[in-house]
Amino acid sequence: MDRKELPSGLRDDKITEETKSLISSLPSHTESQGHKICKYQGCWYYYNALQGVLNFQRGFQPRDTDIILASYPKSGTTWLKALTVALLERSKNHSSDDQHPLLSDNPHEIVPFLEINLYVESSSPVLAKFSSVPRLFSTHMPLHAMQETLKDSPCKIVYVCRNVKDTLVSWWFFRCAIHKIEPDRSILESMFKSFCNGTIYYGPFWDHLLSYWRGSLEDPKHVLFMRYEELKAEPRDQIKRLADFLGCPFTKEEEENGLVQKILDLCSLRNLSGLEVNKTGKRNNLDHKYYFRKGEVGDWKNHLTPEIENKLDMIIKEKLKGSGLKF
Ligand code: A3P
């Protein structure tokens, strides 16, 4: 596949001479699909994404009311974005339900990634689109990559995580979809190996998890740690938890009027994936439909061998030991 057809976050055509020189001093690795990644401040990035991280670190100026939605890729980012947008949209009185942004835009269009979309080209992008309060951004960076930039800012960060086995399977399908290839088992196996040794985009997985887990324990007012599995099992409780954290709790009247359920229905995989914008839309070489697949807990059982399962369980148990975080 021609590199130009890949989403820009995976490419290396936006890096400056200064970044090239930095990269030459960093640990680097070529992934099985031939994409280069390098390790910066403990995290592996494709080159354009690294440029975005550097630009963000140099230029982002947080506002007190900002909200940043964070995740490891394929952990429920799209869902978290949709739920947060729906929660915040409650305060805007649309003259008709059809005007809801989620009906005409993909959640990733409404809540772009800092390092993959907004800051790839410059450390001072025009953020005119973010005139409303709060500004809503997203990221796959680990928390420690943002800490210096967000220092002393009371902005809120919501992290969603997912069990590593479903994350791996979801990523396997997604990666094959964006490369327009069949989900071949040899690709799954090579991704599994990369997961295990940490040399994978935004990896190591466990460091990513732990940076937000620890952040949420140290500063629970500003970092909320959520789990995909809990959102699936108890969506009403979890969305209320999210609303409380963001300072926009449901009123008694809203609850009585069924608004909690209305938001969950609007943001359900079935509803979002059936919308025209998500069926046929695309941006930055990425078809919106690839963000929606099965959305199940435990789909890994259909794809992973017992050997892979045991090894991943063992690694995660070992790496998370003593942290209080369990899967
Ligand atoms: P599967 O591949 O297991 O189906 P991300 O949004 O971080 O890219 O994660 C994608 C995963 O979230 C995919 O998982 C996708 O199907 C699932 N997903 C997307 N939208 C969802 C929604 N509204 N509700 C539940 N799961 C959703």
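**Exercise 1. Ligand contacts**

Which residue has a polar side-chain atom 2.7 Å from an oxygen atom of the ligand? Find it in this predicted model, then describe the site around the ligand.

*Solution.* 

Step 1. The residue is Ser170: a polar atom of its side chain lies 2.7 Å from a ligand oxygen. A polar contact needs N or O atoms within 3.5 Å, and the Ser170 distance of 2.7 Å is given for a ligand oxygen.

Step 2. Look for further pairs of this kind. In Thr78, an N or O atom of the side chain is 2.5 Å from an oxygen atom of the ligand. Gly76 uses its backbone instead: an N or O atom there lies 3.1 Å from a ligand oxygen.

Step 3. Turn to cover. On its own the ligand has 560 Å² of accessible area, and the protein covers 97% of it.

**Exercise 2. The shell**

Describe the residues that surround the ligand, by number, class and helix.

*Solution.* 

Step 1. Count the shell. It has 18 residues, and the closest are Lys74, Thr77, Thr78, Ser170 and Gly295.

Step 2. Sort by class. Seven are nonpolar, seven polar and four charged.

Step 3. Assign helices. Both α3 (77–89) and α15 (269–274) supply at least two shell residues each. The most come from α3, which gives three.

**Exercise 3. A salt bridge across the chain**

*Solution.* 

Step 1. Check the pair. The side chains of Glu109 and Arg283 meet at 3.7 Å, N to O. The cut-off for a salt bridge is 4 Å.

Step 2. Locate each partner. Glu109 is in helix α5 (residues 107–110), and Arg283 is in strand β8 (residues 282–283).

Step 3. The structure holds 17 salt bridges.

**Exercise 4. Backbone exceptions**

Start from the rule: most residues other than glycine have a negative phi, and most peptide bonds are trans. Find residues that depart from it.

*Solution.* 

Step 1. Check omega. The bond from Val133 to Pro134 is cis, with omega near -5 degrees. The bond from Gly203 to Pro204 is also cis, with omega near -5 degrees.

Step 2. Pro134 is in the loop between α6 (114–118) and β5 (136–139). Pro204 is in the loop between α9 (185–197) and α10 (205–218).

Step 3. Check phi. Gln41 is not a glycine, yet its phi is positive, about 45 degrees. Gln41 sits in the loop between β2 (36–40) and β3 (43–46).

Terms used
Residues are numbered from 1 along each chain as its sequence is written. This is a predicted model: local features need pLDDT of at least 70, side-chain atom pairs count only at pLDDT 80 or more; totals for chains, interfaces and linings use all residues. Side-chain values use heavy atoms; hydrogens and water are left out. A residue is near a molecule or strand if one of its heavy atoms lies within 4 Å of it. A polar contact is a pair of N or O atoms within 3.5 Å; within protein, one must be able to donate a hydrogen and the other to accept it, and residues adjacent in sequence count only if both atoms are side-chain atoms. Accessible areas come from the Shrake-Rupley method with a 1.4 Å probe; for residues, only the protein chains shown count as cover. Helices (H or I, at least four residues) and strands (E, at least two) are DSSP runs, numbered from the N terminus. Ala, Val, Leu, Ile, Met, Phe, Trp, Tyr, Cys and Pro count as nonpolar, Asp, Glu, Lys and Arg as charged, and the others, Gly among them, as polar.
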